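Here is my note on the model you asked me to look over.

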Amino acid sequence: MKQESGELTAAQSLDIIAAMIREAKSNIRSNYFFFLFWGWVVALANLGVFVLQKLAVEQPYLVWAITIPAWIYTLARMVRGRKTQRATTHFDRISRWLWMTFGVVIFTLVFFGFKINYQLNAVLLVVAAIPTVVSGVILKFRPLVAGGAVFWVCGVVNFLIPMEAQSLIGAIAIVCGYLIPGYKLKSKEG
Amino acid sequence: MFKDLDPLLHSQLRLAVMSLLMSLESAEFTFLKEKTNSTAGNLSVQLDKLSSAGYIKIDKSFKGKKPVTTCRMTKQGIAAFENYVNALKNYIGDR
């Protein structure tokens with residue numbers, strides 16, 4: 001692009017503005033990785049707990065320990081991503097804070113689980129509906145909005161059913177809330 | 001006919017940079033250079049002009065050992081860009 005090559009016309013100015021706005025549009029749907037990654041981690045944890053319960057294994061909830069390396073990997077990937085990212089969109093910033101806040105809320109709820117009679121399966125699903133729906137709205141991607149709604153419905157269901165069946169509902173919720181939208185995002189990206 | 005248009009924005013490269021930064025939270029020098037298809041020298045001069053006018057903020061930092069220049073729009077820059085677009089709309093509307 002040259003500088004000061006004669007006076008710009010109004011049409012040329014508008015063309016430049018429109019072209020640059022198009023250039024600035026990042027592929028905001030490229031965030032499917034975390035939906036797939038956490039979708040599989042949480043689905044496996046839920047199914048693991050369900051199966052271990054059926055097998056009468058003691059302390060089946062210890063399966064959730066697989067989320068510890070998952071968190072470490074997530075943080076490492078986020079740091080690496082920021083190092084290679086050359087431009088940040090407004091969506092990137094909102095999304096980062098939305099999911100970081102969600103992470104803090106999850107840790108808080110898990111830490112104080114004993115205060116709410118360990119109704120974590122239900123509470124976490126209801127809370128998970130918020131960032132999922134908001135991300136869907138920002139991305140203008142309906143499967144994520146629908147996934148968030150499924151989280152909420154499954155959360156309500158988990159409040160009403162026995163503890164033993166809650167992990168299965170949790171697995172269904174994560175498949176609908178993260179995995180299906182995640183794979184749809186991936187296929188759109190090509 | 002363009003007397004109401006901010007002369008600082010009414011130039012190809014500066015307008016392109018401001019349009020990019022308007023859509024972004026922040027952008028690195030190399031990103032702006034690539035998207036505007038400009039030379040490093042020219043872009044550097046134009047960024048300095050925008051920065052001197054208070055339209056953009058330039059931060060210099062390091063990513064590892066690599067120096068990185070990051071630009072972001074200021075509130076003053078956003079207002080100037082909006083005024084420029086409004087003046088442009090008025091001009092087109094008056095035709």
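This is a predicted model: local features need pLDDT of at least 70, side-chain atom pairs count only at pLDDT 80 or more; totals for chains, interfaces and linings use all residues.

1. Every value below is computed from it.

2. Make-up of chain A. Chain A has seven helices and one strand. From the N terminus the order is α-α-α-β-α-α-α-α.

3. Overall form of chain A. The radius of gyration is 21 Å, whereas the globule rule gives 16 Å for 190 residues; chain A is therefore more spread out than a compact globule. Along the principal axes, its C-alpha atoms fill a box of roughly 80 × 30 × 30 Å.

4. Burial and contacts in chain A. Of its 190 residues, 26% count as buried. Take the contacts between residues at least 6 apart in sequence: 66% of these join residues at least 24 apart.

5. The contact between chains. Chain A puts in 24 residues and chain B 27 residues. On the chain A side, the elements giving two or more residues are α1 (10–24), β1 (87–89) and α4 (90–111). α1(A) gives the most, with nine residues. By class, this side has ten nonpolar, six polar and eight charged residues.

6. β1(A) pairs with β1 (residues 24–28) of chain B. The sense is antiparallel, over three bridges. T88(A) stands opposite S26(B).

7. Helix α1 of chain B. This helix covers residues 12–23. At 1.5 Å a residue, its twelve residues should span 16 Å; the end C-alpha atoms are 17 Å apart, which agrees. Eleven of the twelve are buried, among them R14(B), L15(B) and M18(B).

Technical notes:
Residues are numbered from 1 along each chain as its sequence is written. Chains are lettered from A and ligands numbered from 1 in the order in which they are written. Two residues are in contact if their C-beta atoms, placed from the backbone, lie within 7 Å. Helices (H or I, at least four residues) and strands (E, at least two) are DSSP runs, numbered from the N terminus. Ala, Val, Leu, Ile, Met, Phe, Trp, Tyr, Cys and Pro count as nonpolar, Asp, Glu, Lys and Arg as charged, and the others, Gly among them, as polar. Two strands pair if DSSP finds at least two bridges between them. The expected span of a helix is 1.5 Å times one less than its number of residues. A residue is buried if 20 or more other C-beta atoms lie within 10 Å of its own, exposed if 12 or fewer, and partly exposed in between; C-beta atoms are placed from the backbone. The radius of gyration is taken over C-alpha atoms; the globule rule is 2.2 Å times the number of residues to the power 0.38.
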